[in-house]
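Colleague: I have a new model on screen and want to learn how to read it. Can we go feature by feature?

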Amino acid sequence: MAQNVPETTPLRPAPAAPHPNGTGATPRIPATEPTGKPRRGGWLGLSFALIIMAAAAAGVYYYLFMLHPQAAESQTAESTTTASGKHGGKGKSDVIRVVTATAAKGDIGVYLVGLGAVTPLNTVTVKTRVDGQLMKVNFTEGQMVKEGDLLVQLDSRPFDATLLQNKAQLEHDQALLDNAKIDLQRYETLLKQDSIQAQTRDTQVALVTQDQGQVDLDKAQIVATQLNITYCNITSPITGRVGLRLVDVGNQVHAADTNGLLVITQLQPITVVFTIPEDNVPAVMAKLNANQQLPVEALDRAGKKELSTGSLLTTDNQIDPTTGTLKLKAIFPNQDNALFPNQFVNARLLVDTKKDVVIVPVAAIQYGAQNSTYVYVVNTEDQKSGTVTMKNVGVGTIEGDKAEITSGLEDKDVVVIDGVDKLQNGSKVLLPDANGGHKHGGATADAASS
């Protein structure tokens, strides 16, 4: 709706005061125009102030939310907590709920972990020793066989015929030998009677020896033929698992074939070859030289699931200079066939066991500046609340989720294992005793309900 603006009569400037010299004074210029608009210089100052305020706000935002987001979140949380406290929210802003654990004395093992591979004690590629046709296969692929089991049969008929020939030749040569021996006896008698010359007797002795050699040769040929017949029945040289069949029935096989007929791998017992750093070699050798049996655990690829347990068998005779590691061999009964040849495993070698030491969960240990380690110890005021004190501790052996504390803690001390990021020295905490507890890592741990 338009409004009628009344017209205004412009003000007439007041007359100037007379100058002492009689001249007229210069009239004064008003600061604003008759319409009341500010001068142009005022707008420039206001714009400059707004630009400075916007830049300052952007700098604060960048500092809080980009460089120090945790500080911004902390300030936001504190503001929210304060606001909720003012409006009657539940809980006190200065009490922090935590999960605790109780330090306890116990035993902890010193382990060496190395990457390894399952290596069978024996792997045999079964080959034929004679040439012949494959007549029968008495195994199935993947079958467990025992030493001496019949695996493959070849055609033995050619060797049977050769055996008959050798026996016939032996009979012939044996008859010649017997006749030569009879003639030798006659020549011996005639020589004593001075009826023949000694040369005749000597020639007969040589003939007997020649016939005896031929008989021995025939016997050796019989044994060789019988051995070839035995080779036609191929048996298992070890106890183990049969692999995939390499030759089918009906094929002609030769002793010069390189692939063989099948492969047998011994699975029980089986070994694992793994490596350890050269710095740990003296500790291991000291135990072996003292004839101590060192337990070894075979873990899966992730290092979490235990596959089998065994003992250290031996070590290599030199350190690999390219890796600075030493090869060790452990033996496992493998009764359940959990370990398979060429399988990748993690080997854990127990070198020593520390007795009666203070143990806490690894989650309780915090790391500070200059590689310092500390824990928050709970000072109980009642059964539901308490305060925490930050204590520097010395950490020894770490085994899984358990850690040895060499200094700074005593048995039965209660430490915080969850909610540590919100704590400071002297912070008040809500203890979980009123809500029950549970076991954690060998030490007693209690969980607070949120």
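Modeller: Start with the terms. Helices of at least four residues and strands of at least two are DSSP runs, numbered from the N terminus. This is a predicted model. Its protein chain has five helices and 25 strands.

Colleague: How much of the protein chain counts as buried?

Modeller: The figure is 30% of the 450 residues. The chain exposes about 29400 Å², and carbon and sulfur atoms supply 53% of that area.

Colleague: What share of the contacts with a separation of 6 or more joins residues 24 or more positions apart?

Modeller: That share is 73% in the protein chain.

Colleague: Now a sheet. What is the order of the open sheet of four strands?

Modeller: First the general idea. Strands of a sheet pair through backbone hydrogen bonds, either parallel or antiparallel. Here the order is β4-β11-β9-β6, with antiparallel pairing. The edge strands, β4 (123-126) and β6 (144-145), each pair on one side only. Look at β9 (residues 240-242) and β11 (residues 262-265): they pair over two bridges. In β11, T265 is the residue opposite R241.

Colleague: Why does N166 count as buried?

Modeller: Buried means under 20% relative accessible area. N166 counts as buried because its relative accessibility is 10%. Find N166 in helix α3 (residues 157-192). Setting aside neighbours within four places in sequence, N166 contacts D218, Q221, I222 and T225.

Colleague: And L423: buried or exposed?

Modeller: L423 is buried, at a relative accessible area of 6%. L423 sits in a loop, between β22 (414-418) and β23 (428-430). Beyond neighbours within four places in sequence, its contacts are I96, V98, Y376, V388, V416 and V429. Take Y376: 47 residues separate Y376 and L423 in sequence, yet their C-alpha atoms are 8.3 Å apart.

Colleague: How many aromatic pairs does a search of the whole structure find?

Modeller: It finds one. The ring centres of Y374 and Y376 are 5.8 Å apart, and the planes stand at 90 degrees, so the pair is edge-to-face. The cut-off for that label is over 60 degrees. Both Y374 and Y376 are buried.

Colleague: Where does the charged end of R348 sit?

Modeller: For such a call, CZ of Arg must be within 6 Å of the ring centre and within 35 degrees of the ring normal. The charged end of R348 sits over the ring of Y111, 3.8 Å from the ring centre.

Notes:
Residues are numbered from 1 along each chain as its sequence is written. This is a predicted model: local features need pLDDT of at least 70, side-chain atom pairs count only at pLDDT 80 or more; totals for chains, interfaces and linings use all residues. Side-chain values use heavy atoms; hydrogens and water are left out. Buried means under 20% relative accessible area, exposed over 50%, partly exposed in between (1.4 Å probe, protein chains only). Contact means heavy atoms within 4.5 Å. Rings of Phe, Tyr and Trp (its six-membered ring) pair if their centres lie within 6.5 Å; planes under 30 degrees apart count as stacked, over 60 as edge-to-face and the rest as tilted. Accessible areas come from the Shrake-Rupley method with a 1.4 Å probe; for residues, only the protein chains shown count as cover. Two strands pair if DSSP finds at least two bridges between them.
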